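Biologist: Hello! Could you walk me through this assembly, one question at a time?

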Amino acid sequence: MTTLKADVVKHLAENKNLLYIPIVVLFFIPLLQLPIYVTHVFILTFLFAYLCTAWSLISGYTGQVSLGHSCFYGIGAYTTTLLFHFYNLTPWIGGTIGIVFSVIFAFILGYVCFRFRVSGPYFTFATLAFAQILEMLFISQSQITGGELGIEMPYTGSPLDFQFTSKIPYYYIILMLWVGALFLSRHIQRSKFGYYLFAVREDEGAAEACGINTTKYKIFALILSAALTSFGGVFHSQYYLYVTPKAVYGLDLAFQISSTSLVGGSGIWFGPSLGSFLINPVVEGIRATIGGTFFGVPLLIYGILMILIGRFLPGGVSGIIQRGLATRDMEMSKKVGSQ
Amino acid sequence: MNVNLIQGLINGLLLGGIYMTIALGINLIYGVMRIVNYAHGEALMIGMYVAFWLFTLAGVNPYLAIPIVAAVLFMLGIILHKSVIEPVLDLPLSRQILIFIGLIHVFQNSAMILWSPNYMNIDVPMSRESIQIFSISIPIGRLLATIIALVSAFLLYYFLKNTKIGKFIVATSQDPEAASALGIDVRRIRTLTFGLSLALTGIAACVFLPLYFVYPYIGTSFNIIAFIIITLGGLGSYTGAIIGSIIVGMIESLVSLLYDSSIATAVAFIVFILILLFRPSGIMGQRE
Amino acid sequence: MKEMLKVEDITKSFGGIRALHRVSFHVAKKEILGLIGPNGSGKTTLINVISGVYNPDEGKVFYNGENLVGSPPHLIAEKGVVRTFQLTRPFGNLSVIDNVIVGSLLKSDNMVEARERSIKTLKMVGLGDYLHVLSKDLTTGNRKKLELARALSMEPSLMLLDESLAGLTSAEIRGNLTLLKRIRSDRGISMIVVEHVVKAVMDVSDRIVVLDAGEKIAEGDPQSIANNEQVVEVYLGKSV
């Protein structure tokens, strides 16, 4: 193994240019004037890549698995919608308020769950429970929220109200959100913050012994993740112009975010996005061809796939890529791998 | 008002008795393997379908079907454990979660494909009737469910305390390394425990069937309640599961009585929040 | 202040079981203190109390005059009291160098500096060729070295080494002991060395404290401890 070869492999693997090219390509896609449905699939894929990246900050990096992350999504979506619906408050501000609510909620949740060491499963229960509570709450308060049938966003089509008449602006917004989250995630992974999160995930006691205030870092990761996720909810309300409790708080969404991230690999910055790009187009494609929902046979197969990946693929699909790189050159740091 | 209160308390006890079996099952698994079976509700769902078809196709009374369903679920538990649970016990939680989500999807959608998403129920005439004690009305179905649940809980307790295997299970849950050093085949114990836990769920399934509709997604609601109970009572604790079940049952029942049932679950959730706030390890759980 | 660490009347019980009873001793600057005693005598519990994992029922732990009791483990580590674990606890899915970087980040301001210091420390303990190996794939001996490296990277003034020699070959033990002495002389770090391998402890310690059943039964230089009848009896009398 010559040093030159090692250098080349390392350069290829760490070179940002490899990543920039596909992203730049994605920016030019709308010029192709694709059918509306295809644009929609792209938007959905970006949205999930964004949400999964956000989820992984707390659940992948920090190891505190949230199975009800839709809480924050829904808070963002409903706050925006209700404030616009009842008070004509522009979603740009309404959405910001939604994020603030999510942050406060995340802080309380994190503080309550994390301040004692026995936090793992309780945190997961808590997130599950809260997603359900919020869903039930918003169904029951139907005078305000429209109940199960949900509530519509009054249509203005004006950018001042965070609404657009074509899908293209939405495409760019969510694309930029995703790319931003992606690079943020990458930056975190290589920073002190990221290293500390991984330490907390691996062994909290040892992390404490290394001078890490584990509670503080867990809460911070949760808040960051919640803020990002809730902005995804804001996007939802502006894109669909319609929110229902099931769509934004439901466990289906929460599970989808979690499983997509894990299939891609939640321990590395590009893993969750990879998961989204692999799964969402397929899911939407199946929905389009079979018609109707993804439930039934497709979801059954997906479930089996999940079990197989969980059982046999360390670190999800991105784990394969990582190991592929590592075996070619022992000099490559097996960066925070199997997750 | 007094009579209503007592009725509420009785209902609560009955409800708690029903929840008990599920919570015990999850705690049993956690105690031995330090893993939460997030798909436990789905096992219940499958048990209910098995009991349903035994009744519908073969006319077997669900209460009599208990041994059959328990055996079926026991075997299902063994198979599941050996194939997908045991291999991932050492892995971080996120990896395990993927398997549980996968299992949930597999079970729910298999049920949906095989048996349609429709709500189905059976009619066991006896269970629809009630006994009247003074002015308190006790539905027989619920009473039977609670009695059987309590008997199962007691049998489980007896089993854990007094049989060789039971004691091995307890030893393993307290200290797997020490147990292994003592010559206990820890792996087999874990497999057995998983099977046993699912068998318990099978019992619950049989007594639930006359009381509830069965449909592919019924597992989820039971899951959530079970998690609340476990948080309340303490993860891994036997007594905690029992106390927690009764408290949650009481709360649901009393709130239903005093207000209405839609906020009953909400109140249970609020209790859950309060517990997390003040004693996250639950009533019987250990700190740190 | 000559005493860096002053442990005063530490008492700790678990349930009804008394783990430590009125244990007192001190550690001077640049001193290596050996802590020995049969299994179950409370050595690790004592380390856990000093490092903040447990709060004692009674007693105080003075570090440079400040009472550490009540402080959380991460703060105590930050102040300069760093411990290793008896059963090594590496960050399993992180590489060797990443493990030590986590430690270095306590006192380093940036990643580059942390990385450089980590590489230096790893070379010093002899893990220079293992930088990118996944830490969970290490042998026991190397894991112990990693524990040590990670602790060192935190720039401690006092290290609490809990059985850092257990499970090592005699060659590895000799190597580690030399290393410890070097660390003390090069970096001026004080140490409490908890050990089972009595001979090794005798070799490296300036003074020794002996625990039995939660109580201090002897204290002194290695020679006098070796000749102490009670100590000998305590070790021979136990079945281990």
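**Helices, chains and a sheet**

Modeller: To begin, this is a predicted model. In it, helix α3 (residues 62-85) of chain B packs against helix α9 (residues 186-208) of chain B at an angle of about 145°, and their axes are 6 Å apart.

Biologist: Thanks! Is the crossing of α3(B) and α9(B) left-handed or right-handed?

Modeller: Two packed helices are described by the angle between their axes and the distance between the axes. For α3(B) and α9(B) these come to about 145° and 6 Å. The residues of the contact divide into 21 nonpolar, seven polar and two charged. As for its hand, the crossing of α3(B) and α9(B) is right-handed.

Biologist: Which radius of gyration does chain B have?

Modeller: Chain B holds 12 helices and two strands, in the order α-α-α-α-α-β-β-α-α-α-α-α-α-α from the N terminus. For 288 residues the globule rule gives 19 Å, and chain B comes close to that, so it is as compact as a globular protein of that length: its radius of gyration is 19 Å.

Biologist: And what percentage of the residues in chain B is buried?

Modeller: The C-alpha trace of chain B spans about 60 × 50 × 35 Å along its principal axes. Among contacts in chain B with a separation of 6 or more, 76% are between residues 24 or more positions apart. Of the 288 residues in chain B, the buried part is 53%.

Biologist: Which element gives the largest share of the side of chain B that touches chain A?

Modeller: There are two pairs of chains in contact, and chains A and B share the most contacts. Here 37 residues of chain B meet 42 residues of chain A. The elements of chain B that give two or more residues to this side are α4 (93-115), α10 (218-233) and α12 (261-278). The largest share, 15 residues, comes from α4(B).

Biologist: How far apart are the nearest C-alpha atoms of chain B and chain C?

Modeller: Chain B and chain C do not touch. The distance between their nearest C-alpha atoms is 10 Å.

Key:
Residues numbered from 1 in each chain as written. Chains lettered and ligands numbered in written order. Predicted model: local features only at pLDDT ≥ 70, side-chain atom pairs only at ≥ 80, totals over all residues. Contact = placed C-beta atoms within 7 Å. Helix = DSSP H or I, 4+ residues; strand = E, 2+ residues; numbered from the N terminus. Rg over C-alpha atoms; globule rule 2.2 N^0.38 Å. Buried ≥ 20, exposed ≤ 12 C-beta atoms within 10 Å, placed from the backbone. Axes fitted to C-alpha atoms, helices over the stretch in contact; angles between N-to-C directions. Left-handed = near helix turned anticlockwise from the far one by under 90°. Nonpolar A, V, L, I, M, F, W, Y, C, P; charged D, E, K, R; others polar.
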